[in-house]
Amino acid sequence: MSGTFVHILKHDGVIGLYSGISASLLRQLTYSTVRFGVYEELKTRYTRSGHTAGFPELTAMAVTSGFLGGIAGNFADVLNVRMQHDAALPPDKRRNYRHAIDGMVRMAREEGLSSYFRGWLPNASRAAVMTAGQLSTYDTFKRMLLEYTPMGDTLTTHFSASFLAGLAAATATSPIDVIKTRVMSSAHKQDVLQVIRDVSRAEGMGWMFKGWVPSFLRLGPHTICTFIFLEAHRKLYRAAKGIDDDKE
C-alpha cells in the first residue's frame with residue numbers, strides 16, 4: 001500500500017489520489033441508493049407485519065438489497081476501478097478517461113454495452129456481502145450495545161456500532177474485492193473461476209486478504225460517516241413527520 005501511495009504521489013501528485021472520483025460518486029448514486037432504499041423498505045414492511053427482525057432476517061434483507069444494488073451500479077463500478085487503477089499503470093497503458101461520462105461513452109463505443117456488465121456477478125456478490133457486513137451487522141451491534149451496555153441511542157453508540165460494522169464488512173468482502181478488481185480492470189472477458197484458480201496457484205491462499213489494510217482504511221471511515229449521517233437523517237425525518245422514536 002505504501003509503495004503504491006508513494007508511486008501515485010511521485011508520478012501524478014496529490015490529485016492522483018482522487019483519480020476516478022466522478023465514477024465513485026456515480027457509483028454511490030446508483031449502488032448505494034438502491035441497496036439502502038431496498039433494505040430500509042424491506043425492514044419497514046417486515047416490522048409492520050408484526051415481526052421482529054433478528055440477525056438472520058436482517059442478513060437476508062441486506063444480501064437481497066446489496067445484490068440488486070451491485071447490479072444497478074455495476075457500470076459505474078467498472079469505471080471506478082479502471083480510473084483508480086490508471087494511476088498505477090505506465091502512461092502508455094492508461095485509458096485516461098476524463099470523467100465518468102467520458103468513460104461510459106468510450107466503453108460503449110470501444111467495447112460495446114456488454115462492458116457495462118463486466119464482472120457483474122463478483123461485483124453483485126461483493127455488494128451482497130458488503131451490505132450484509134454493513135447494514136445487518138450495524139443494526140445488530142447497535143441493538144446489542146443498547147440492550148447490554150449502559151449506552152443510549154447517542155452518537156457514541158452510532159460510532160461504536162459503525163466501527164464494528166466496518167471491520168466486519170472489510171473482512172467479509174476482501175476476497176471478493178481482489179477478484180472483482182482483477183476482472184474489471186481487464187479489457188477482456190475473464191472467467192471468475194479461472195481467475196480464482198490462477199491467483200490461488202500463483203499467490204497461495206493469502207490472496208484472499210491482499211489489500212485488507214487499504215480496504216479498511218476506506219471502508220472504516222466510509223461506514224462510520226454513512227451511519228452517523230443516516231442516523232441524523234432519520235431523526236430529522238421523524239421530527240419532520242412527527243413520528244415518535246419509541247414507535248419505530
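This briefing walks through the overall build of the chain and then looks at one of its helices, α3. The model is a predicted one. Its chain holds nine helices and zero strands, so let us start with the whole and then zoom in on residues 55-72, which form α3.

**Overall build**

- Reading from the N terminus, the order of elements is α-α-α-α-α-α-α-α-α.
- A compact globule of 248 residues would have a radius of gyration near 18 Å, and the chain, at 20 Å, agrees with that.
- Along the principal axes, the C-alpha atoms fill a box of roughly 60 × 35 × 35 Å.

**Burial, contacts and surface**

- Of the 248 residues in the chain, 41% are buried.
- Among contacts between residues at least 6 apart in sequence, 74% link residues at least 24 apart.
- The chain has an accessible surface of about 13,500 Å², and carbon and sulfur atoms account for 66% of that surface.

**A closer look at helix α3**

- Helix α3 has 18 residues, which at 1.5 Å a residue should span 26 Å; its end C-alpha atoms lie 25 Å apart, so the two values agree.
- Which residues of α3 are buried? They are L58, M61, A62, S65, G66, G69 and G70.
- Viewed down the axis of α3, these buried residues fall within an arc of 160 degrees, and therefore they line one face of the helix.
- The cover over the buried residues of α3 includes α2 (21-48), α4 (74-86) and α6 (120-148).

Notes
Residues numbered from 1 in each chain as written. Predicted model: local features only at pLDDT ≥ 70, side-chain atom pairs only at ≥ 80, totals over all residues. Heavy atoms only, no water. Helix = DSSP H or I, 4+ residues; strand = E, 2+ residues; numbered from the N terminus. Expected span 1.5 Å × (residues − 1). Buried < 20%, exposed > 50% of the residue type's maximum accessible area, 1.4 Å probe, protein only. Arc of directions from axis to C-beta. Contact = heavy atoms within 4.5 Å. Rg over C-alpha atoms; globule rule 2.2 N^0.38 Å. Areas by Shrake-Rupley, 256 points an atom, 1.4 Å probe, with all protein chains shown as cover.
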